[in-house]
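Biologist: I'd like a close look at one part of this model, please. Could you walk me through how the helices pack, and start with whatever pairing of charges you can find?

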Amino acid sequence: MKVNVRNEPYLIINIFFAGVILLIFAYSGFFSPEKDNYPVVCIHEKLTGEPCVSCGLSHSFSLIVRGRIAEAYQWNRYGMRVFLFFASQLILRVVFSIFYLRYPDTRKQLVTVDCIGSGIIFFVAFWPFIANIVSGFKF
Amino acid sequence: MEEVKNNTGQNLGIAALITAVITFVLAVIPCVGLIAIIPGIIAIVIATVGLSQSRRNNSPHGVLLAGLIIAIIASMISFSQIFVAGKIAQKANKWPNNIGNIINDVQDNVTKEIEDANVSIKVESNGNKVEINTNADKKDKEKTLEDLEGVATQKRDTIQKHDSIQKHVIVRKKK
């Protein structure tokens, strides 16, 4: 059965997200931690003068892409879990898209499982950052 | 009569949902959380336009609604980053809420700048003009003072020399 991707919003969203994740990996590979030429700067640090929990994330990603895991942990200890989130999402976009095309009868369940699963992975990966936002309102 | 399903707003719904999800991920990261409000507003606008179109044409609006809800939550998180940043900085005493501290900092900087400046004073009275040009280099002055103090503690004849220097200075001033 021939599928027109234009009529399948789920597939369009999957392709787009996969592209965005690939761009993130390309960014991490292109900019080097030695040259320190990252265009994205921490606005939080610029405003407050204090480093935030996500500072050093670009360095960490670049080092993970280059296989220097120990150094990546030194730059940002949450870098690995965020990187794994993006990596898992890239794999999930491909896998879910294949399942979506192969099993048309289970599409609704597949989308539901994807939404819930991705949401859980997101909260687990980004929990330190979410906790930081919550803690900001506490004191 | 068969109900005609219209897909008006479907593309807008996809665009809104993608923008909203990206905004959500950005909003949670403190480094770029503040700027996530821009795509957040864009996503809200796209979703609202799409919703109004789909309601008019009676087309499905599930994706649009999802996009709108995620965009609103993401924008709220992004906006909350301002307060979080403010409170964290306040805790570290670095948020510039005390204008007095800023003025003191500026004052200190200006004083530091003046320490190394060249000063020229002109006095004019009853046709007489006196012009004093001096280098306010603090380090030079301190060195001169140290030299003078060192000299003063040595011998009596050097003090006389010092007196003669002072006299010379007075004479030059009078001229």
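Modeller: Let's start with a term: a salt bridge is a side-chain nitrogen of Lys or Arg within 4 Å of a carboxyl oxygen of Asp or Glu. Side chains of opposite charge can pair when their charged atoms come close. Keep in mind that this is a predicted model.

With that rule, Glu8(A) and Arg107(A) make a salt bridge, and their closest N and O atoms are 3.5 Å apart. Glu8(A) sits in the segment before α1 of chain A, while Arg107(A) belongs to helix α6 (residues 107–125) of chain A, so the pair ties together parts that are 99 residues apart in sequence. Searching the whole structure turns up four salt bridges over all chains.

What about the place where the two chains meet? Across the interface of chain B and chain A, the rule finds zero salt bridges. Here 29 residues of chain B touch 30 residues of chain A. Together the chains bury about 2700 Å², with 82% of it on carbon and sulfur atoms.

Now zoom in on one helix pair from the two chains. Helix α1 (residues 9–30) of chain A packs against helix α1 (residues 10–28) of chain B at an angle of about 35°, and their axes are 10 Å apart. The two helices cross in a right-handed way. On the chain A side you'll find Ile12(A), Phe16(A) and Phe17(A) among the contacting residues, and on the chain B side Ile14(B), Leu17(B) and Val21(B) are among them. Sorted by class, the contact of α1(A) with α1(B) has eleven nonpolar residues, one polar and no charged.

α1(B) also has a partner in its own chain: helix α3 (residues 37–57) of chain B, packed at an angle of about 155° with the axes 8 Å apart. α1(B) and α3(B) are therefore roughly antiparallel to each other. Their crossing is left-handed. The residues that meet include Ala16(B) and Thr19(B) from α1(B), plus Gly40(B) and Ala47(B) from α3(B). This contact counts nine nonpolar, five polar and no charged residues.

Back in chain A, helix α3 (residues 57–65) and helix α5 (residues 79–102) have axes that come within 9 Å and cross at roughly 65°. That makes α3(A) roughly perpendicular to α5(A). The crossing is right-handed. Phe61(A) and Ile64(A) are among the α3(A) residues in the contact, and Phe83(A) and Phe86(A) are among those from α5(A). By class, the contact of α3(A) with α5(A) has eight nonpolar, two polar and no charged residues.

Conventions
Residues numbered from 1 in each chain as written. Chains lettered and ligands numbered in written order. Predicted model: local features only at pLDDT ≥ 70, side-chain atom pairs only at ≥ 80, totals over all residues. Heavy atoms only, no water. Axes fitted to C-alpha atoms, helices over the stretch in contact; angles between N-to-C directions. Helix = DSSP H or I, 4+ residues; strand = E, 2+ residues; numbered from the N terminus. Parallel < 35°, antiparallel > 145°, perpendicular 65-115°, else oblique. Left-handed = near helix turned anticlockwise from the far one by under 90°. Contact = heavy atoms within 4.5 Å. Nonpolar A, V, L, I, M, F, W, Y, C, P; charged D, E, K, R; others polar. Buried area = accessible area lost by both parts, 1.4 Å probe.
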